[in-house]
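Take a walk through this model, one part at a time. Keep the sequence and the 3D view side by side.

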Amino acid sequence: MITQKDVKYIASLSRINLKEQEVGRLTKNLEAILHYIEKLKKVDVSQVQPTSHVFPLNNVFREDVVQPSLHQDKAIKISQNHHQGSFKVPKVIE
Amino acid sequence: MNLFEHPAHELLDLLKAQKTSAQAIFESVFSHLKQSDKNIKAFVRLSHQLPDFGPAVPSRNYPIPIALKDNICVEGQEVTCCSHILEGFKPPYDATVTQKLKKSGALILGNTNMDEFAFGSSTENSYYGPTRNPWDTACVPGGSSGGSAAAVAAHEAVWALGSDTGGSIRQPAAFCGVVGVKPTYGRVSRYGLIAFASSLDQIGPITKDVTDAALLLNIIAGYDERDSTSVNVPVPDYTKALINDAKGLKIGIPKEYFIEGMDPEVKQSILEAIDVLKKKGAAFKEISLPHTEYAVATYYIIATAEASSNLARYDGVQYGLRLQPQETRKSAIVDMYEETRDQGFGPEAKRRIMLGTYSLSSGYYDAYYLRGQKVRTLIKDDFDQAFKNCDAILTPTAPTTAFRIGEKANDPLSMYLSDIYTISANLAGVPAMSLPCGFSKNGLPIGLQIITQSFAEEMMFRIAYTYEQNTDWHKRKVGQK
Amino acid sequence: MTSSIGQKFETVIGLEVHLQLNTKTKIFCGCANLFGAEPNSLTCPVCLGLPGTLPVLNKAALLSAIKVALALNCSVNPRVKFDRKNYYYPDLPKGYQISQYDLPIAEHGFVMIPVPEGTKKINVKRAHLEEDAGKLVHDMVAHSSLVDYNRTGTPLIEIVTEPDLRSSQEAYDYLNILKLTLQYLNVSDCDMEKGSLRCDANISLREKGSTQLGTKTELKNLNSFRAVKASLEFEVHRQEQLLLAGERIVQETRLWNDEKQMTLSMRSKEEAHDYRYFPEPDLVPFTIDQATIEKVRESLPELPAAKFDRLRKQYQLSDYDAGIIIQDQTIADFFEKCTQHSQEIKKICNWIIGPLLQEINSRKTGLAELSLKPQDLTTLIQRVEEGVLSNLSAKEVFALMVETGQTPDAIIKDKGLAQVSDDSALEGIVQSVIGENQSVVEQIKQGKDSAIGFLVGQAMKKSQGKGNPKKFGELIKRRLQDG
């Protein structure tokens, strides 16, 4: 069902650098869980609408009124890596 | 009785009668906490700022010591969801519930242990190690709000807040012999609750008894303009619903819940609870929630899909852990993401992120995520149908009592199945609570679950209160076996 | 470059335009929506994507989007929702962008563009709302990039065409008309330099007569409409050469290099891509009822195409004049206000298209910044008609009107610029000019009438420009006849 190749692909989509030994274990885990989830295939959902929100709310808005922002210091203080008011990350190659 | 052993409503009475002070309450709880928690390990962090009782501080309406699960933000206070990846993160803002608590005068003690990002039912998946069940320290306290439930059971906190995505308040409440409430989805603001699964998460009270649960829900409930999914309906005074009478109430027992795998002691306790409520005038009938058997599978699709996206922000860019591998694998930035996330997340978090990513990925969305959302509709419809014929549904909270630490560590699926009775309420959005209804021969607590319609918390509290007033399980204290 | 394309291949182009909306606040939080602030000074826990924070939709952003939708002749969906588009990039703080997937604000619109045969309908496939990402700066610190999240959460509307464009010129014309329409709506400043309007292009070639689409490339880093046009021309040529050589086109993203005037493959090790769209659980759905749509529709201004037609009909403007006048809504309004004070439509038009636009362009400003009143321009025109001002002086007066905001009459009086038409005052000058230029007088007498102009010029010089040249001409002729 789910192969090691699938698991490696999913790991790269999830930006997780899985170690080789983890790939085998996770493949087994996911296979068992997916097997369990297979039971949903028995349910006839052909006439059923999906539920994204359990409570049928609509149109929750905010008025276009400016609220104070965080002070620059306070914003970048959440990071250990900043430079002159900006967050610093490893060079992004374009 | 020590001050720290009292429920809040008793402490409030003592305060009113001027027989104690806010400071005395705090000191009693805090010194007990520091002693007791060496063994229980309910807390992962104490507040960096202890409450000020100086003359300049305005008087507090509810000076009740409260523990917050480690996924509720307090400005300036580290919060990590018990994950390595959030280490050092200090939010520059309060959660809405935190603001409400501060306004009420509650005394925030610190953050309690949990399964990493609330992924689990035992609190074993914490970066900081497991919490122990106060009734038997070889056992888990349940999870994921295991630290909060254990803290209240061990009297290390009078109140606690947990969060419940698939039973994470109710199951540990049951395992620890305390009261745990998952309010209606939208009743309590999620702003400042670090998300696991946005369409399922709710914050709720964990307390020593039903009255305290009603008091605490009074404080935290309400519409919040910062949470688009919070519902703008008035908050009643839940303490007014505490009526010791069940006359005329119709309570449903779902036949699908009394199945194989339910511990006979649990079953016996529930049957006895039914008798207690019958004596107080409730009528019981068998009902059906036909899609119950699909709830766990549906939950694991929806919850993990949302989680995989909610946890994408933990990438080392802004806050928390950032790691760069020695060697270059792909590019500096991608290597940073992958190393940070590999080292920062524990095995269960990785499992769920992967499962969620898989069910959303191209080619699988219809078969998994979309199908899950459709079955969710059917599960919600089951409850709508059931509530046409009854005022509440009564079930066990968990199929067993607390299991031993390590017992299910290598079998994720069997761990998932321990949420079998609690998950449906999250999928349907309805309120549900657990309260103590007995003990096993081994002295482990058993929980009774009451589920009502959306925004019918008052009905839920009434039934719970009636049961509680006619039993004394809630009076049994840890250490008095 | 386009010569051979006409023979074998047909060009197929689709455009995606991202437009930043000029709401006061960001799309999902109350931070001010402003350009050019100190880095990370316009951020809050919500737009920084901090754990536990939640988005709440700015109503003004939705209304602006409906405005755009209606102006592009789209049908507005009665029920819309937001979805998460999941991908990793350091400028995207949540690891997903809140966008719209299967229920966008609007679908099935169109824009008419001019083509040699008349006009052509370019279909707009969809327009949806989403949040903008932050900004990365690459060359400030060695081995690092810097991230500024001020732009994060700026409301964006993405407008996607069907692959209906058949040449770089059509793409260029579409963009100009789209931009003008959007400017009329006043929902964005549409400034490509600031990035408030951005464009990506998809381009493929196919054999003429084929109905199947060829393999496309996606062009990015297009910083001006000129760059869009040039990159498409380059890409047409590149793809054509490859196809003629029997090679295959690689589906890829290519960046336009403005210095080298060529597109270059991104070449970066592309990571696995799968956006895993799913409904945003933190936002509820939105319903847009007919009443709301009608209210927005009533608030729409007259759009450029309609204004073009009306100006031509109502004022008998030429296509050229009308086309220029509508390029700026404030100019068009100014023109119409002028016509309320004067019937000299053509002269008004000429003054606007000529001196006025020159002033605006040379000052790099807008009409609104100039203190020019419509009535002052028509008064100026009238003074020329009355012979009070020469054309030359009128230009001088106009420049002062723009500069100072004074009325033309005040300036004429101040500067003493009124023409002298009084015969007795001019006679003396005429007399001395004739006296000093006897040889010219002789030529005129021998029939060389054109030389009168020279004498008029000399007279004007002597009068320091204040004499009425027409009057000088008459007086010189009369004097010569008499003499």
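Of the 481 residues in chain B, 66% are buried. The model is a predicted one. Chain B is built from 14 helices and 11 strands. Its C-alpha atoms fill a box of roughly 70 × 60 × 45 Å along the principal axes. A compact globule with 481 residues would have a radius of gyration near 23 Å, and the 21 Å of chain B agrees with that. Now look at contacts in chain B between residues at least 6 apart in sequence. Of these, 77% join residues at least 24 apart.

Next, turn to where chain B meets chain A. Here 52 residues of chain B are in contact with 41 residues of chain A. Several helices of chain B each supply at least two residues to this side, among them α8 (295-310), α9 (332-344) and α10 (347-360). The largest share, 10 residues, comes from α11(B). By class, this side of chain B has 24 nonpolar, 16 polar and 12 charged residues.

Finally, move to chain C and its helix α12, residues 408-415. Which residues of this helix are buried? They are P408(C), I411(C) and I412(C). Seen down the axis of α12(C), the buried residues fall within an arc of 100°, so they line one face of the helix. An α-helix has 3.6 residues a turn, so residues three or four places apart point the same way. What covers the buried residues of α12(C) includes α10 (374-385) and α11 (391-404) of chain C. On the other side of α12(C), K413(C) and D414(C) are exposed. After the helix comes G416(C), with a positive phi near 60°.

Key. Residues numbered from 1 in each chain as written. Chains lettered and ligands numbered in written order. Predicted model: local features only at pLDDT ≥ 70, side-chain atom pairs only at ≥ 80, totals over all residues. Contact = placed C-beta atoms within 7 Å. Helix = DSSP H or I, 4+ residues; strand = E, 2+ residues; numbered from the N terminus. Nonpolar A, V, L, I, M, F, W, Y, C, P; charged D, E, K, R; others polar. Buried ≥ 20, exposed ≤ 12 C-beta atoms within 10 Å, placed from the backbone. Arc of directions from axis to C-beta. Rg over C-alpha atoms; globule rule 2.2 N^0.38 Å.
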